[in-house]
Amino acid sequence: MLLYVLIPLLPFAGFLIAGLFQRWMRDRTHWVCVPLVFASLALSLKAFFDVAQGHTVNANLYTWIPSGSFQVSVGIMVDALTASMLVLVTLVSSLVHLYTVGYMHGDKGYDRFFAYISLFTFSMLVLVLSNNFLQLFFGWEMVGLCSYLLIVHWYERPTATAASFKAFIQNRVGDFGFALGILLIWVTTGSVDYQTVFAAIAGHTGETVSFLGMDVNLVTMIALLLFVGAVGKSAQFLLHSWLPDAMEGPTPISALIHAATMVTAGIFMVSRCHPIYNLSESAMMTVAVVGAFTAFFGATIALTQNDIKKVVAYSTMSQLGYMVMACGVGAYTAGMFHLLTHGVFKALLFLAAGSVIHALSAEQDIRKMGQVKRYMPTTYWTMLWGSLALAGIFPFAGFFSKDEILWQSFSAGTFGKGLWLVGVIVAFMTAFYTFRVFFLVFHGGDNVEEEAKHHAHESPKVITIPLVTLAVGALLVGWLGNPLFGTNYVHEFLGPVFTSEVSHVPAIGPEAHGTGLVPEALAAEGGMAGEHGEGMAGEHGEGAMAGEHAEGHNKGLEVFMMLLSLAVAGAGIWMAYRWYYRPNEAPGKLATAYRGLYQGSLNKWYWDELYDAVFTRPTLRFADRLWRIADEIVIDKVLVDGVGITTKIGGEILKFFQTGRVQHYAMVMSIGIFFIVGGFFLF
Amino acid sequence: MVPLSAYVILSAIIFFIGVVGVVTRRSIIVILLSIELMLNAVNINFVAFSHYLESITGQVFVFFTLTVAAAEVAVGLALLIAIYRNRQTVNVEELDVMKW
């Protein structure tokens, strides 16, 4: 128990030491922060194995806010969901800490950077360990703050400060909804403790709450308000535009905060609150649609971006959309599984992209790269693995988790079939844009500037070791959730957390051993579309279903789906290969032919411009008016100067009573005394 | 037997003469004299009430008042001379530099 408390406290100690003794630490900061985070990783692994053996923890440590009937404790809850998040967060965080040693070497904010990433790690761990909504909210806000502080790390750049404002403000909009959701939960159940709330919430189905004059279903309202928070934090559609801009921050931050951990907090929260979401059909539907749309929206933008980090950022947004969609169809396990695998391979992609940027003297434009393979073989191979994982190619992690989500959506009725279709289209685009970047950077025409070429070099060990570790992870983690043979560890581990989602849990259990699916699955490696029919025909009717799920899905169909998505991903990669492996005219021609679409995608569908026109500029104008009228005229002129002028004029008039003649004063005094004494006698 | 009210009325009249003198006269000497009048009006009150209440305290106070009045006159006259030496006048209407 005490050991679990240390998991967040160790990085916090790192933050305190790095922050308070900054002056003495300087470029030695990593000697403190890195070991502490690795220690935290070790403890997280211990927690993970404890949970795997069935030891879950839910304990209140002390009473935080004792205020009448409102009692909030600081507590920790370690179950399978938390444990998997703990491992992901500390793993990626410690690798990013290590990577930072190389990447930020010589930066003048080196010590500050370490202090903040340690603080971030602490906050994120508090968020996932929490056993009540208020502590969750605390972590939620803290990670937002750290994100802001780290995006603005290079605060001399105007773009970085603008991006940090944007991130902070958009998150604030989401957090406002989230806070309202928590308030509504408290009003409804009188508690913010997970266990109490989840137990009580079912008793409130069918109740309504008045919202803007309409009667809305209470549980739906709670679920949607909480989801607003998730939309902000996980960069879902409408509050999405901060995430790509957040790439102004140093690359380790993009990998840690804006890919692997913080942005997944929304999905984590929705999964955590599944007892609430499961009660509301319409909320789930909203979640699924928002997720699917975000996945599509992000992918369309990622197709044409020219900044290497922007592509990966939009891809993150798109993948987060997948996870949210999974939550929306009730496939929390699939969502969490994709969250975990995505955390690994997206961190890898970001770190690899950072490695390239680092090697090319901070060049981020993929049009000024090409043939980089020859300078940095390790980065090349790790990035290839990451890209394959993101594209969803067997046997890399993304294949398993993405297919899981697609399959779950497909199984979720007619509505789910629509989501599935969107998912498949997105999978195609994902494969295409991922490999577009990959080929443009590492193959394609050599467009690296002479100056940068001079310094191009493979990154140091501290950078490549995290890359290789994550690359191995990207290859292996998917197997934990392999649905075809062996044990589906992810479902065994996470499934019990979401027991109330019975109807959605995939019908894969330990019984799925030896169904003869192995050859097909392996054959799928080639991504050959031609094998579909065979896979389907061969396995149709194989009744190796797990008995506990009566709805029983068709195993053969699932294999067909896998092959289909492999084919789709393969097609995307093939297209990228045709167009970008060698310099090619085709993309340019296509861009001219479909100018409108191309420009739309390149300009993020003008969403920034829209927000600029609808929110930013009116707000700025309003602020300008306030400044010129309320501040300069009312406060400065009328109030401040007014008091001075009134006093001065008053003095100018009253000074004439000061005649300097003693007898006048004596006279006034006498009259005064006369009245006072007279009044005293009279009354 | 003279009643107490007679003393009080006498005291009030003398005090009022003193006040009028302080407020109206121009010579500082006369103003000082008027202040003495006011002080002595108070003294009459003290003695009268002392007798009426059969308490000696009032009469003791009168001695103190007389002493203080003597000291006050000494200081007042010294100031008066200092003013006269500087300004060649004791007219209070000319001594009005302490104003705007």
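Helices (H or I, at least four residues) and strands (E, at least two) are taken here as DSSP runs, numbered from the N terminus. The structure described is a predicted model, in which local features need pLDDT of at least 70, side-chain atom pairs count only at pLDDT 80 or more, and totals for chains, interfaces and linings use all residues. Residues are numbered from 1 along each chain as its sequence is written, while chains are lettered from A and ligands numbered from 1 in the order in which they are written.

Chain A contains 29 helices and 4 strands. Its C-alpha trace spans about 120 × 65 × 55 Å along the principal axes. A residue is called buried if 20 or more other C-beta atoms, placed from the backbone, lie within 10 Å of its own, exposed if 12 or fewer do, and partly exposed in between. By this criterion, 52% of the 683 residues of chain A are buried. Two residues are said to be in contact if their C-beta atoms, placed from the backbone, lie within 7 Å. Among the contacts in chain A with a separation of 6 or more, 79% join residues 24 or more positions apart.

The expected span of a helix is 1.5 Å times one less than its number of residues. Helix H16 of chain A (residues 332–359) has 28 residues and reaches 39 Å from its first C-alpha to its last, close to the expected 40 Å. Of these 28 residues, 27 are buried, and H16(A) is thus mostly covered. H16(A) also has a kink of about 25 degrees centred on A:His342, where the bend at a residue is the angle between axes fitted to the seven residues ending there and the seven starting there. Just after H16(A), A:Ser361 adopts a positive phi of about 55 degrees. Helix H4 of chain A (residues 80–103) has 24 residues and reaches 34 Å between its first and last C-alpha atoms, close to the expected 34 Å. H4(A) is likewise mostly covered, with 23 of its 24 residues buried.

Helix H19 (residues 413–442) and helix H25 (residues 555–580), both of chain A, pack at an angle of about 35 degrees with their axes 7 Å apart. Axes are lines fitted to C-alpha atoms, for helices over the stretch in contact, and angles run from 0 to 180 degrees between N-to-C directions. The crossing of H19(A) and H25(A) is right-handed; a crossing is so described if the near helix is turned clockwise from the far one by less than a right angle, and left-handed if anticlockwise. Residues of H19(A) in this contact include A:Phe428, A:Phe432, A:Arg436 and A:Phe439, and those of H25(A) include A:Ser565, A:Gly572, A:Tyr577 and A:Tyr580. The contact of H19(A) with H25(A) comprises 17 nonpolar, 3 polar and 1 charged residues. In this classification Ala, Val, Leu, Ile, Met, Phe, Trp, Tyr, Cys and Pro count as nonpolar, Asp, Glu, Lys and Arg as charged, and the others, Gly among them, as polar.

A:Ile267, in helix H12 (residues 265–272) of chain A, counts as buried because 27 C-beta neighbours lie inside 10 Å. Leaving aside residues up to four places away in sequence, A:Ile267 touches A:Ser234, A:Leu320, A:Met323, A:Val324, A:Cys327, A:Gly335 and A:Leu339. A:Phe48 belongs to helix H3 (residues 30–52) of chain A and is partly exposed, because 19 other C-beta atoms lie within 10 Å.

A:Glu156 lies between helix H6 (133–151) and helix H7 (158–189) of chain A and counts as exposed, because it has 7 C-beta neighbours inside 10 Å. A:Lys604, in the loop between helix H27 (595–602) and helix H28 (607–654) of chain A, is buried, with 21 other C-beta atoms within 10 Å. Phi of A:Lys604 is near 55 degrees, a positive value in a residue other than glycine. In chain B, B:Glu54 occupies the loop between helix H2 (28–53) and helix H3 (57–87). B:Glu54 has a positive phi of about 55 degrees although it is not a glycine, and is exposed, with 6 other C-beta atoms within 10 Å.

The contact between the two chains takes 10 residues from chain B and 10 residues from chain A. On the chain B side, 7 of the residues are nonpolar, none is polar and 3 are charged.
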